[in-house]
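Please take a moment with the sequence and the structure shown here before reading on. The briefing that follows goes through a few local features, grouped by topic.

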Amino acid sequence: MNHRQSSGKLLVTACIGLLCIVGALLLVQYQGAIRDWVRVQQFVPSQSVAALASDGGMSDYGRYVFYTGKPSLENSADFTSSCGEHERSTAILGCYTNQQIYLFDVQNKELAGVEEVTAAHEMLHAAYERLSDTKRSEVDHLIESLLPTLEKDTSFRERMTVYKQLSKSEQLNELHSILGTEIAGLSSELETYYKQYFVDRSRVVALYRQYSGVFKKLEARAETLAQEYNQLVAARNQLVETSNQEYSRLTADIAAYERGPRTDTATARALNRRTDDFNARLTATRQQVAVYDKQIAALKAELEAIQIHTKQLNDSIDSTITAPAEEVHGG
């Protein structure tokens, strides 16, 4: 073998070695993307899961990220097993754990849209996990810049109390999903960012408002009824108290007159007139009290019906309850 051939072989060997090194580096750099691609290729979504992506307005890329989690709709027992036990005070409808997405299969048709919003919420958790450190820092900054405005809203502050025990990074992860699925009219930068995951983000926000509006409508009606109830009870009690006070004064004056010589006929006539007037008013008072009692009973019955309705709605999205809640309409 001559020197030129030997040099050629060494060059080829060196190139092959370099290619192997480059290939290994690329494999390390893109192993997450490769793993995602393999997971998506191996995943066959059910018709229901595919519909969640479509109805929730996910883009092709959003659907791709969603499918990397191999999402599954599960009954209460399976969901609790997959996601673990949760506080009864919080309705847990989905979870993203070990790069798997689990969704609670909500059967209550009155809460249509809840599964689509939950699916999009969990998809955004998977998306957030896949952001580079630089991109995540950029997105976190955009989210944090909106918080002073968002926290002026009482319902948003109450919404976030669920996550107060989380670390700042975990809270930002949750906010990334909440803002993307529940809040309309974000900053132009965030709207642009979320466009990669949604064909039309307003669709999923509308679904959130649709099902959350069921609870808000019941809550608003209950607050109105409670106010009316308290006003009627106060008016009834005041009417009864006024009548009782008048009766006490009248009986005291009559008793005082009867203890005396009872020679003052003018006083006697005045007491008789007061007695006649009181008895006439007492009849009207009793009639008005009966009206109040009827109205108060009706308000109480409607309030109790709303409480039952609200509990049944909450039970239907409580994954720790194994028996399905009876569906209630109207009210």
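Predicted model: local features only at pLDDT ≥ 70, side-chain atom pairs only at ≥ 80, totals over all residues.

**Briefing on selected features**

Asn98 is exposed, with a relative accessible area of 72%, and this residue lies in the loop between β2 (94–97) and β3 (100–104).

**Positive phi angles**

- Although Asn98 is not a glycine, its phi is positive, at about 50 degrees.
- Lys70, which is not a glycine either, has a positive phi of about 45 degrees, and its place is in the loop between α4 (60–68) and β1 (72–74).
- Lys70 has a relative accessibility of 27% and therefore counts as partly exposed, since that value falls between the limits of 20% for buried and 50% for exposed.

**A nonpolar surface patch**

- On the surface, Ile34, Trp37 and Val38 form a nonpolar patch, and together these residues have about 270 Å² of accessible area.
- Ile34, one of the patch residues, is found in helix α2 (residues 31–42) and counts as partly exposed, at 39% relative accessibility.

**Packing of α9 and α11**

- Helix α9 (residues 168–182) packs with helix α11 (residues 201–259) at an angle of about 90 degrees, and their axes are 7 Å apart.
- Because angles of 65 to 115 degrees count as roughly perpendicular, α9 and α11 are described as roughly perpendicular to each other.
- Where the two helices meet, Leu179, Gly180, Thr181 and Glu182 come from α9, while Arg201, Val204, Val205 and Tyr208 come from α11.

Conventions
Residues numbered from 1 in each chain as written. Heavy atoms only, no water. Helix = DSSP H or I, 4+ residues; strand = E, 2+ residues; numbered from the N terminus. Buried < 20%, exposed > 50% of the residue type's maximum accessible area, 1.4 Å probe, protein only. Patch = residues over 30% accessible without salt bridge, like charges linked within 9 Å, V, L, I, M, F, W, Y side chains within 5 Å. Areas by Shrake-Rupley, 256 points an atom, 1.4 Å probe, with all protein chains shown as cover. Salt bridge = Lys/Arg side-chain N within 4 Å of Asp/Glu carboxyl O. Axes fitted to C-alpha atoms, helices over the stretch in contact; angles between N-to-C directions. Parallel < 35°, antiparallel > 145°, perpendicular 65-115°, else oblique. Contact = heavy atoms within 4.5 Å.
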